[in-house]
Amino acid sequence: MVPIEYYVGLSAVLFTIGALGVLTRRNAIIIFMSIELMLNSANLLFIAFARMYENLGGQIFVFFVMTVAAAEVAVGLALIVAVFRTKETINIDEASTLKG
Amino acid sequence: MLLSETTTTGFLELVPWIVFFPAIGLLLNIIFGRRWGELGVAITAVSASALSLAVSVLQFITLRAGHGEALTYQFAEWLRIGSFQIPWEFRVDTLSVTMMLVVSGVGTLIHLYAVGYMHFDVRYKGDPKAYARFFIYMNLFIAMMMILVSGNSYLMLFVGWEGVGLCSFLLIGFWFTKNPNGTEGTENSYAAKKAFIANRVGDFGFLMAMFLTFWHFGTLSFSEIFPEVAHYSGPDSLIWWITGLMLLGVTGKSAQIPLYVWLPDAMAGPTPVSALIHAATMVTAGVYLIARSAPVFNAVEGAHLMVALVGAATALFAATIAVGQFDIKKVLAYSTVSQLGFMVAAVGMGAYVAGMFHLVTHAFFKALLFLASGSVILAVERGHHPLEETGDAPTGGAHGHDSHHDDHSEIFDPQDMRNMGGLRKKIPWTFWTYMAGTLALAGIVPFAGFWSKDEILLDASHFELTSVVYWLLVIAAAFTAFYMGRQVWMVFFGEPRHHAAKEAKESPWTILVPLVILALLATFGGFMNWPFEQGLEPHAFGHWLGYTLEASTGHELHIPEFSFSVAIQSTLIAVAAIVLSWFIYGRKPMKAGETDPLQKALGPVFKGMNAKWWVDEFYQAVFLTPYEKLAKFLSQTVDWNFWHDWFHEKGIRDNFQRLANFLANPIDLGVIDKISTLLARGAQNSGSLLSKLQTGFVRNYALAVFTGVVVILGYLILLR
């Protein structure tokens, strides 16, 4: 198999790209995509270590993560739709009415 | 309580009733007096006094049956402080029973007299409701005097002493809104105050004497002190101080030099008061005190001299003043001071029997003279403006006698002898009783005053320490006869000098009956101490008192033998004085408006006698005015200006205000306020600072979360 360092590196890069996306992008859907990317990087790492240690627990955990991600996306997209209905935009910079 | 059932103590258990009958009488009059009216009040008061007399007579019988042995009866416990005990104990011995009989006997007669007299007096003063108040005070006086004479310790005596002082004050100032001549003013209350304060100075002396007695002897009870004093072996100076201070008390109560000045002013009170309190009973309390304390006075020689000289000097001094008085009661007042001087001189010399004998006879004839003078004053006043027959107060224009209208503008003094004259034809009963009293006072045989005064002179002639006392008393006796003669000629003989005297009316029976009874006592009372071996029982009174005096002093009573030379000498002097007074006043009686012939003869000396030798003015200048100045200084300058204004207002209050202002403005507002404002603003600023975090930017929040995760992970991985 491929040495585990490559998987860790790839996972880190994916995670960083995802984090940067969350922090810098304005479009709410893009932020969600970045969050998915971060979750998937964690999934990749789980699978890789599960293969390395011949332990199926990692792969099972991936199932859990995917379920949570799905549920979270459902709720989040519902929120975006609700916000869009009021503000006609999904630019998160526009959602600053809580500014104190 | 039948006679057959009496035990050896006889009627002793009844003795508290001498105090309680008058006390109940006064309480009944306080509660029901207004409702009962004059008759009810009079019956209550006179019976209370008469019942007290009855109990005193029972005590007399008890003592006779017991051969004069002293009895004590403890009624109640009073003070008990550690080992110091003063019970309310009654002492029934011959001396106290003598006083009880005099007080209640003469007192009851005077109560009866006052029933009639006050009926007129309250109407002349315009206050009929005051009738009950008068008899309440009179009964209170009897009760207090009984406590005085029956006490078995100095403290019980002092309770009565103070009580009669109070009654004297209340009764002298009975008409406290008026002056003695009847006009509105404050002189009567001033006289009452003067009496009380002069007495207080005396009381101070008496109290000090009691303190010293208690300090040395550990007790104040007569039963315990006198046996101890009889064999006294301590320092002489202690007895000097005790007797000297006690003498000060006596000079206050019994009106001797220097504290006699209240008694003439006390004539402002109604005449029955003058008779009872200031002639017969209260003023004799001092004489009683000395007679009671005989063992103490006997313990040191000089004590006799001190007391006797004070008494004799007072006797002469007051007699000279009496000669120059025009007010009928003032003559009698100074006469009382003078006669008290005789009594004090007698007991001072150690002649206790003579002193007490004179006390008793003097009570008879001086009360008689005062009551009779009251009758004279009443007669003249009724002659001046008679009351309506119904007894109502006289109204301005309702007189039936038009000739009296012109008098209302002048102030008429019914007590001024210059307004009297020729009264013997108008008021004969009063006249004859007055003559009995005068002859008794002047010491003409066989009247009572002769026997008692003669016995005093006899004892004075035998006084070893000095013969000055004898000569002072003889000269005083001469003056006595002279001023009484002067008074009689001026009042009863000659022609009336004022129309009021012309119209004078005799007084009713309630007034005359006591006069007659007292006149009989003044005439025949002297025989109770018959000095001869044949005839009546010799020295009955002396033996009677001897039971007590021998028991307390421890040695036998010395009864001097009757001396014809002394008796004849004193009688001749008295007769000569009366004849002299007839030459001056009787032969050519004064006319209306004329000056006193003695004034023409003696000039400034008469002025001195009339002005009471300016003693009151002297006291005013030396004691009273500086005292008032001191009081005013203390109150105005020290208390008000310094203490109140400067110290409290300026010092304390103003500085406190300054401190409070200082604390309030610079500190409270300046400092504390600023601190709290600072805190508030600090909170505000930090708040607004922190609120800048709340941008509302989601991306900022996300960044914050991310940063936090990085920090925590970094800490966990790198540092742990």
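# A tour of chains A and B

Select B:P446, in the loop between α15 (428–442) and α16 (448–461) of chain B. Helices here are DSSP runs of H or I with at least four residues, strands are E runs of at least two, and both are numbered from the N terminus. The peptide bond from B:V445 to B:P446 is cis, with omega near 0 degrees.

Some ground rules. This is a predicted model, where local features need pLDDT of at least 70, side-chain atom pairs count only at pLDDT 80 or more, and totals for chains, interfaces and linings use all residues. Residues are numbered from 1 along each chain as its sequence is written, while chains are lettered from A and ligands numbered from 1 in the order in which they are written.

Next, B:P258, in the loop between α7 (236–253) and α8 (262–265) of chain B. A cis peptide bond joins B:I257 to B:P258, with omega about 5 degrees. Most peptide bonds are trans.

Now the hairpin. Select strands β1 (71–81) and β2 (84–92) of chain B: they pair in the antiparallel sense over nine bridges. Pairing requires at least two DSSP bridges. B:I81 has B:F84 as its bridge partner in β2(B). Two residues lie between the strands, and B:G82 takes a positive phi near 65 degrees.

Move to helices α2 (94–124) and α19 (509–524) of chain B. They pack at an angle of about 155 degrees, with their axes 7 Å apart. Axes are lines fitted to C-alpha atoms, for helices over the stretch in contact, and angles run from 0 to 180 degrees between N-to-C directions. So α2(B) is roughly antiparallel to α19(B) (an angle over 145 degrees). Residues in the contact include B:Y113 of α2(B) and B:P514 of α19(B); contact means C-beta atoms, placed from the backbone, within 7 Å.

Select B:A522 next. Among the residues that B:A522 touches are B:F364, B:L368 and B:F447.

Finish with two loop residues. A:E54 sits between α2 (28–52) and α3 (57–87) of chain A. Phi of A:E54 is positive, near 55 degrees. A:E54 counts as exposed, because it has 6 C-beta neighbours inside 10 Å (exposed means 12 or fewer, buried 20 or more, partly exposed in between, with C-beta atoms placed from the backbone). B:W613 lies between α23 (604–610) and α24 (615–691) of chain B. Phi of B:W613 is also positive, near 55 degrees. With 15 C-beta neighbours inside 10 Å, B:W613 counts as partly exposed.

Notes
Two residues are in contact if their C-beta atoms, placed from the backbone, lie within 7 Å. Angles under 35 degrees count as roughly parallel, over 145 as roughly antiparallel, 65 to 115 as roughly perpendicular and the rest as oblique. Lists of a residue's contacts leave out its neighbours within four places in sequence.
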